[in-house]
Amino acid sequence: MRHILAIIACLLGAAVQAQDYPARPIRLIVPIGPGGGTDILARHMAQKMTERLRSSVVVENRPGAGSIIGTDYVAKAPPDGYTLLVGGIFNMVMNKALVKNLPYEPLRDFVPLGYISAYPFALVVRADLPAGFAEFIRYAKERPGKLTYGSPGLGTLQHVWATILLKQLGLELVHVPFKAAPAVHQEMLAGRIDLMMDNLSAVKHHVQSGRLRAYAVSSAARTPQLEDVPTLKESGVDFEGESWFAMFAPAATPAPVVATLQSVVAEVLRDPDFTARVDKDGGRVLAIAPGEQARFLQQEIERWGGLVTRYSVGVD
C-alpha cells in the first residue's frame, strides 16, 4: 500500500510540476565551445523559445572531450525540463559509433524534443586541382599517399565522412587533423592541404569566390546555395548525408513537460524569421513528427555506425 501511495504521490507531483512549467529559467546546454555554428543556432533557438515561454531560455556552453562532457551532463541532470541539450549527429551518432565506453546512451538517456535543421556537406579541393570530379579521382589514383585531406580533428564529422567517401572511391589520401575547421580552410587556400569535406555554410563563400573548388554536395538534392554543384549521388557515388541538429531532454522528463517543449520547438520551426536564417546558412528546417523522432535517431545510429565499422574509421 505504501508503495502504491508513493507512486500516486510522485505522479501527482509531476502533474503539478508540469502544470506550473516553466517556473524558472531553462538552461540549454551546448556541448561545444562558443562562437561556432552549433552555438549560434542554439542562441537563435533559445531566443525564439524565450518569446514563446513564460521563462527565459539561457544558453550554457559545456565543451570538452569531443562534446561528451556536456552531453553526459544533461543525461545525468534532473529530468525536470530545466536542463536541455542541443544535440546532433556529432554527439548522438558519431560518438556512439566511435567512442568505446561512452558514458551516455543516446536512445536510452534522452527524449527528443524536436529536430531543428539539417545542412549538406560540400566536397571541396584546392582551386588548382582538376576541374572535374572524375578527373580528380584519376589524378588522385595516380598519386597514392601524395595528396592530403584535412579535418578539425579525429572523430569529427569532417574526418569521418571524408574517410568513408575516400575509401568508397578507393583513394589513398593522408589525413591531417587540425584543431578547428577554419585552420583547414586557410591551409587549403595556401595550397598546403588538398581536400576537405565540410559544412556547406562554412565553405560556400570560398567556393563562390573561386578560391576553392566544389565537386559535389552530400545532400539528396542540390542546394540553392551552390545550385551548379551536383550531389555525390548524381556524380555516381553512393553517399548521402546531412549534418543535423535537434533538442533533447533527459529521458525521465515528465510527459506533459516534454509535450510542452515539443510544441514550442515546432512553433519555432514555423517562424519565418527562423526559417530564413536556416536557409541563409545553407540548411533546411528538419521538421519530424514527435512519433518518428526516436526512430529517426535509431536509424541514423544504425546507418552511420555500420559505415564506420565497414570502412574501419577510427579515432586512434
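Reply: Start with packing. In this predicted model, the cover over the buried residues of α8 includes β4 (110–126), β5 (148–151), α7 (157–169), β7 (195–199), α9 (200–208) and β8 (212–217).

Me: Which residues of helix α8 are buried?

Reply: α8 spans residues 181–189, and Ala181, Val184, His185 and Met188 are buried there. Viewed down the axis of α8, the buried residues fall within an arc of 100 degrees, so they line one face of the helix.

Me: Why do residues three or four places apart point the same way in an α-helix?

Reply: An α-helix has 3.6 residues a turn, so such residues point the same way.

Me: What does the backbone do just after α8?

Reply: Look at glycine 191. Its phi is positive, about 85 degrees.

Me: Next, asparagine 91. Is asparagine 91 buried or exposed?

Reply: Check the relative accessible area: buried means under 20%. Asparagine 91, in helix α4 (residues 89–98), has 0%, so it is buried.

Me: Which side chain does the side chain of asparagine 91 make a polar contact with?

Reply: That of threonine 71, at 2.9 Å. Leaving out residues up to four places away in sequence, asparagine 91 touches Pro31, Ser67, Thr71, Leu85, Val86 and Tyr104.

Me: Last, the largest pocket. How many residues line it, and which lie nearest its centre?

Reply: Read volume, then lining. The largest pocket holds about 1,300 Å³ of space. Its lining has 45 residues, with Ile32, Gly36, Gly37, Thr38 and Gln158 nearest the centre. By class, the lining has 24 nonpolar, 17 polar and four charged residues.

Methods:
Residues are numbered from 1 along each chain as its sequence is written. This is a predicted model: local features need pLDDT of at least 70, side-chain atom pairs count only at pLDDT 80 or more; totals for chains, interfaces and linings use all residues. Side-chain values use heavy atoms; hydrogens and water are left out. Buried means under 20% relative accessible area, exposed over 50%, partly exposed in between (1.4 Å probe, protein chains only). Helices (H or I, at least four residues) and strands (E, at least two) are DSSP runs, numbered from the N terminus. The arc is that of the directions from the helix axis to the C-beta atoms. Contact means heavy atoms within 4.5 Å. On a 1 Å grid over the protein atoms alone, a cavity is a set of points where a 1.4 Å probe fits but cannot get out, and a pocket is an open set with protein on both sides within 12 Å along at least five of seven lines; lining residues have an atom within 4 Å of a point. Grid points are joined across faces, edges and corners, and a volume is the space filled by probe spheres set on the points. Ala, Val, Leu, Ile, Met, Phe, Trp, Tyr, Cys and Pro count as nonpolar, Asp, Glu, Lys and Arg as charged, and the others, Gly among them, as polar. A polar contact is a pair of N or O atoms within 3.5 Å; within protein, one must be able to donate a hydrogen and the other to accept it, and residues adjacent in sequence count only if both atoms are side-chain atoms.
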